Amino acid sequence: MNLLFAMFVVGAFMISPAVAIGQSANLEQARKEGEVVLYSTITVSAFNELNKAIKEKYPFLNVRHIRLGPAQQLARIMQEQRSGQVLVDVIYNNLLHLIYLKENGILGKYESSENKSLMKEAIDPDGFWVGGDIDVLVTGFNSRMISRRDVPTTYDGFLDGRLKGQMAINTNNPYALVGMASLRGEEQGIAYMRKLAQQSLRPVQGFTHMVNLLAAGEYPIALMSQVTKIEEMKEKGAPVDWVSNTPNFSTVGAYAITRTPPHPGAARLFIDFVLSEQGQKVLGRTGKLPMRRGVPTLSKGIDKLLESGNLHAIKDARGLDKYAKIYRELIEQR
């Protein structure tokens, strides 16, 4: 019996890092490592707030933050893999890019003890990533140019001929196409986007730029806009508002630990802190929408939206390169 038990223990420690690297952060191991390397798309100001809170709780932990755009980050990590040495511990990016890394064997599993307190959209059933914040893609509109009652609340409503030439869409990522393909199926999703593209859409690069132009009156409607950007402009007094769709596509900002992290204990400790109530409140104060249940955002309207359950998280990244090509061809055909 003792021999069998010993064999079981040895086997447990031989589990591959891709299968499991621990269920809870090892504080002592993190203390010895002293640092964690983070590649993220988080703004510098948001990271500074988060880092300040981490330092207050774990003074010994140095977070080496390298901020890159989603695509640039992906390219850097894939280059590191090809060179034989992935230097990052923790990755923060949108799910389309993290799932791509998962499929290419970059990520390892880690299921934090904090997961139980998160929204269901935050959880990867396979345990390779976990959502830290969410943004919801709603229909933004300029309240001086169009009334709320005339703004469609269904995707098919955007196909109304009376709206031709009146709508803008973000060209920086294929969220709209990937969302429709996962919602209606690939064939119907692409067919829908072909019809939508015939509405003489105004292609704009980036969510922030799209909302800025909306506020300036360049067009009355901004399709699938980040609700956080619209709320921010609305708080500044801009004539913008938003309506909910059926359902609302949502994008998850998620964290993952690499398959062989240089600082595994610190990586797990960092993830646990970000998902904790304290970490989620810090992110909420920076304008992000926390995924921990019970942590409010800065907007009661957004709180109600998140509680509605009328969300369709964009997770499926299979065929991302193909979707991106189709999306560009459709949206930029002016």
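This is a predicted model: local features need pLDDT of at least 70, side-chain atom pairs count only at pLDDT 80 or more; totals for chains, interfaces and linings use all residues.
Let's start with the helices. α3 covers residues 44–57 and α10 covers residues 264–275; the two pack at an angle of about 110 degrees, and their axes sit 11 Å apart. That angle makes α3 roughly perpendicular to α10, because anything from 65 to 115 degrees falls in that class. As for handedness, the crossing of α3 and α10 is right-handed.

Which residues do the touching? On the α3 side they are Leu 50, Ala 53, Ile 54 and Lys 57, and on the α10 side Phe 270, Phe 273 and Val 274. Sorted by class, this contact of α3 with α10 has six nonpolar residues, one charged and no polar. Phe 273 turns up again elsewhere: ring pairs tie it into a cluster with Tyr 58 and Phe 60.

On to the rings in general. A pair of aromatic rings is described by the distance of the centres and the angle of the planes. The structure holds seven aromatic pairs. One of them joins Tyr 175 and Phe 207, which are stacked, with 6.3 Å from centre to centre and 15 degrees between the planes. This pair links distant parts of the chain, with its two members 32 residues apart. Here are the two partners side by side:

| Residue | Helix | Relative accessible area |
|---|---|---|
| Tyr 175 | α6 (residues 175–184) | 9% |
| Phe 207 | α8 (residues 207–215) | 10% |

α6 is mostly covered, with seven of its ten residues buried. Besides Tyr 175, the buried residues in α6 are Ala 176, Leu 177, Val 178, Gly 179, Met 180 and Ala 181. After α6 comes Gly 185, which has a positive phi, near 100 degrees.

Last stop: Gln 73, which you'll find in helix α4 (residues 70–83). How buried is Gln 73? Its relative accessible area is 1%, so Gln 73 counts as buried. Leaving aside residues up to four places away in sequence, Gln 73 touches Tyr 39, Ser 40, Thr 41, Leu 68, Ile 91, Tyr 92 and Asn 93.

Definitions and conventions:
Residues are numbered from 1 along each chain as its sequence is written. Side-chain values use heavy atoms; hydrogens and water are left out. Axes are lines fitted to C-alpha atoms, for helices over the stretch in contact, and angles run from 0 to 180 degrees between N-to-C directions. Helices (H or I, at least four residues) and strands (E, at least two) are DSSP runs, numbered from the N terminus. Angles under 35 degrees count as roughly parallel, over 145 as roughly antiparallel, 65 to 115 as roughly perpendicular and the rest as oblique. A crossing is left-handed if the near helix is turned anticlockwise from the far one by less than a right angle, and right-handed if clockwise. Contact means heavy atoms within 4.5 Å. Ala, Val, Leu, Ile, Met, Phe, Trp, Tyr, Cys and Pro count as nonpolar, Asp, Glu, Lys and Arg as charged, and the others, Gly among them, as polar. Rings of Phe, Tyr and Trp (its six-membered ring) pair if their centres lie within 6.5 Å; planes under 30 degrees apart count as stacked, over 60 as edge-to-face and the rest as tilted. Buried means under 20% relative accessible area, exposed over 50%, partly exposed in between (1.4 Å probe, protein chains only).
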